[in-house]
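I opened the notebook to see what this structure would tell me. Here is what I looked up, in the order I went.

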Amino acid sequence: MDDTISSLDSLFRQFASPVVAVKGREIIYCNAAAELFFSGSAVSSDAGRHFPGWPYPAGAVVSETISSRRCTITVSSLNGVRVLTITDESDQGSPGIPIAAMSYLLGNANTIRLAAEVITKKYHSADDRKFEQYMSALNQSCCRLQRAADGLSALSLLSSGDYPFAPQPLELGTFISDIVSSVRSLTSPDKVVVEYTPPSDLIVINGDAQLIEKMVFAVIANSLGHITSGGRIKLGLQSTQAAAVISVDDDGSGMGPEQLSQLFRLSPVSGVDGIPGPECGIGLPLAAAVASRHNGTIIVESRPGRGTSVRLMLRCDTEGSSSLHSPLSSGLNLIPSHALIELSAVLSSECYEFRQKES
């Protein structure tokens, strides 16, 4: 029990949101924020005394009135205990519509195609350096849109249960090191510092390597989207009795309750100066779906001006089917297959034309 409480404290000590762990009906752990929330430690007391709807199933997102405050409680499972993350929430808002994100991607893909056609027609008269700048910018946009389309496709297949899930033994320490190396190669160290120290012990889970790579990249991309020049992203990896926990902490701009309530809802999001970003809010819904597919969960803690902390919990003994549901499972409309095919055709054509011009 002491090891479990120590693991919980190392993971959630810094969270500004209240985090409570319950075994059976007994509260066995509260972080500092939870002690403030309950005006004193609730450890050793009955969970039903504080949570009217107890017991909660793992993977649930519950709305409760606690101490006259309307709260959203995210429930996860770790080492045989229920971990409850409490967020004051007055309005959960309405679910996003995935097709809106798809329409945005299609619109931008067509814009890029038209721009490429205009540049191609002026190729012989254009300044070579300016042409290269145009092509580089268009290539970057196409690559980002391709990743977004790939993410939407994976999310759609995961949500429908049709993803070709292929778990195999995966050593996470080296795997995450490779991902961090890729991120570092794409970011300037004087703008963003990405830190990661592999654990001394091997941490092996039974997981789908492609999905876990998408999940970790998605969370890092979310941090990059909220961080300013000189910022820092710190990745960590720990193991518990039943799960591997990947942590991603950044010192970026953070998010308020309204943004947090929409994190796992697929819809276009605002980027720099209110211009929608090409990822279209796909990353964290995808990360949540991947964690769920591995019988795990994702916990996000953030405060404006204080950065964001993400914990990705993946069970070590994942089988071929998932017993939990991701936070996005309710209200997710599947993306029409014809829209994915159309977007894929647009991007494939453009990328092929760009490569031909550059060769």
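Predicted model: local features only at pLDDT ≥ 70, side-chain atom pairs only at ≥ 80, totals over all residues.

**Entry 1: helix 6**

I began with helix 6, residues 172-186. Which of its residues are buried? I found Leu172, Gly173, Phe175, Ile176, Ser177, Ile179, Val180 and Val183.

Next I asked what covers the buried residues of helix 6. The cover includes strand 6 (168-171), strand 7 (192-196) and strand 8 (204-207), along with helix 7 (209-225), strand 9 (231-239) and strand 10 (243-250).

I checked the helix length too. With 15 residues at 1.5 Å a residue, helix 6 should span 21 Å, and its end C-alpha atoms are 21 Å apart, so the two agree. At the N-terminal end I found a cap: a side-chain oxygen of Glu171 lies 2.8 Å from the backbone nitrogen of Gly173.

**Entry 2**

I moved on to strand 11 (297-302). How many of its residues are buried? Six of its six are, and the strand is mostly covered. In a regular strand the side chains alternate between the two faces of the sheet. I sorted the residues by side: Thr297, Ile299 and Glu301 are buried on one, and Ile298, Val300 and Ser302 are buried on the other.

Strand 11 pairs with strand 12 in the antiparallel sense, over six bridges. Their hairpin has five residues between the strands, and there Gly305 takes a positive phi near 80 degrees.

Is Ser309 buried or exposed? Ser309 is buried, with a relative accessible area of 9%. Its side chain makes a polar contact of 2.7 Å with the side chain of Asp249. Leaving out residues up to four places away in sequence, Ser309 touches Gln14, Phe15, Val248, Asp249, Ile299, Val300 and Glu301.

Then I turned to an open sheet of five strands, with the order 2-1-5-4-3 and antiparallel pairing. Its edge strands are strand 2 (26-30) and strand 3, each pairing on one side only.

Within it, strand 4 (69-78) and strand 5 run antiparallel and are joined by eight bridges. Thr74 stands opposite Thr85 of strand 5. What lies across strand 1 (19-23), strand 2, strand 4 and strand 5? I found helix 1 (residues 2-12) there, running at about 45 degrees to strand 2.

I also looked up Asp88, which belongs to strand 5 (81-88). Asp88 is partly exposed, with a relative accessible area of 41%. Apart from neighbours within four places in sequence, Asp88 is in contact with Phe37, Arg69, Arg70, Cys71 and Pro257. I compared Asp88 with Ser17 as well: they are 71 residues apart in sequence and 9.0 Å apart in space, C-alpha to C-alpha.

Trp54 and Pro55 are joined by a cis peptide bond, with omega about 10 degrees. I placed Pro55 in the loop between helix 3 (47-50) and strand 3 (61-66).

Ser44 has phi near 80 degrees and is found in the loop between helix 2 (32-37) and helix 3. Asn295 has phi of about 55 degrees and is found in the loop between helix 9 (283-293) and strand 11. Which of them is buried, and which is exposed? Ser44 is exposed, at 55% relative accessible area, whereas Asn295 is buried, at 10%.

**Entry 2: the whole protein**

Last, I wrote down the totals. I counted ten helices and twelve strands in the protein, and buried residues make up 47% of its 359 residues. The accessible surface comes to about 17,400 Å², of which 50% belongs to carbon and sulfur atoms. Of the contacts between residues at least 6 apart in sequence, 67% join residues at least 24 apart.

Methods
Residues numbered from 1 in each chain as written. Heavy atoms only, no water. Buried < 20%, exposed > 50% of the residue type's maximum accessible area, 1.4 Å probe, protein only. Polar contact = N/O pair within 3.5 Å; in protein donor to acceptor, adjacent residues only side chain to side chain. Contact = heavy atoms within 4.5 Å. Helix = DSSP H or I, 4+ residues; strand = E, 2+ residues; numbered from the N terminus. Expected span 1.5 Å × (residues − 1). Pairing = 2+ DSSP bridges. Axes fitted to C-alpha atoms, helices over the stretch in contact; angles between N-to-C directions. Areas by Shrake-Rupley, 256 points an atom, 1.4 Å probe, with all protein chains shown as cover.
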